[in-house]
Amino acid sequence: MKQFKIRAGGFCALAAGAFLLAACKTAEMKKQETPKSAEFSMQDFRSPPNLFRAIPFWSWNEDMRPDEVRRQIGLIQQGGWGGAFVHSRVGLTTPYLGKEWFAAADAAVLECTKRSLQVFLY
């Protein structure tokens, strides 16, 4: 397995950039989904907006390609989740922080945004 060496400053910049991107997307979604009224709605309780739904860890531990990422996001939405915490795990065959990994991460952010789901890179 190929090892990637990242200087501490480079990793901090990468982590800060990923956090900023997720925070901006979440803030944008909050503007779109926040109810205009503070009144309690039984309909909102029965079927809450994505902003108020549970969000699971989404373990990436195999070959993650953009088409597979989009397919799984469809399943996440069908399951009633409000988004996902992308969590790269042991067993990930897509090189971590490599070109293919960033393509998959971009696909996750774009697809979740398109579907009004929250996405976080953990």
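L97 lies in the loop between β2 (83-88) and α4 (99-114), where helices (H or I, at least four residues) and strands (E, at least two) are DSSP runs numbered from the N terminus. The model is a predicted one, in which local features need pLDDT of at least 70 and side-chain atom pairs count only at pLDDT 80 or more, whereas totals for chains, interfaces and linings use all residues. Residues are numbered from 1 along each chain as its sequence is written, and side-chain values use heavy atoms, with hydrogens and water left out.

Although L97 is not a glycine, its phi is positive, at about 65°. Most residues other than glycine have a negative phi. With a relative accessible area of 16%, L97 is buried, a term that stands for under 20% relative accessible area, with exposed meaning over 50% and partly exposed in between (1.4 Å probe, protein chains only).

The helix α4 has 16 residues, which at 1.5 Å a residue should span 22 Å, and its end C-alpha atoms are 22 Å apart, in agreement with that value; the expected span is taken as 1.5 Å times one less than the number of residues. The buried residues of α4 are W101, A104, A105, A107, A108, V109, E111 and C112. After α4 comes S116, with a positive phi near 60°, in the loop between α4 and β3 (118-121). S116 counts as partly exposed, at 25% relative accessibility.

Aromatic rings of Phe, Tyr and Trp (its six-membered ring) were paired if their centres lie within 6.5 Å, with planes under 30 degrees apart counted as stacked, over 60 as edge-to-face and the rest as tilted. By this rule the count comes to 7 aromatic pairs. F57 and Y122 form a tilted pair, 4.7 Å centre to centre with 45° between the planes; because F57 lies in strand β1 and Y122 in the segment after β3, this pair ties together parts that are 65 residues apart in sequence. F57 is partly exposed at 48% relative accessibility, whereas Y122 is exposed at 58%. A stacked pair is formed by F85 and F120, at 4.8 Å centre to centre and 20° between the planes, and it ties together parts that are 35 residues apart in sequence, since F85 lies in strand β2 and F120 in strand β3. F85 is partly exposed, with a relative accessible area of 26%, and F120 also counts as partly exposed, at 22%.
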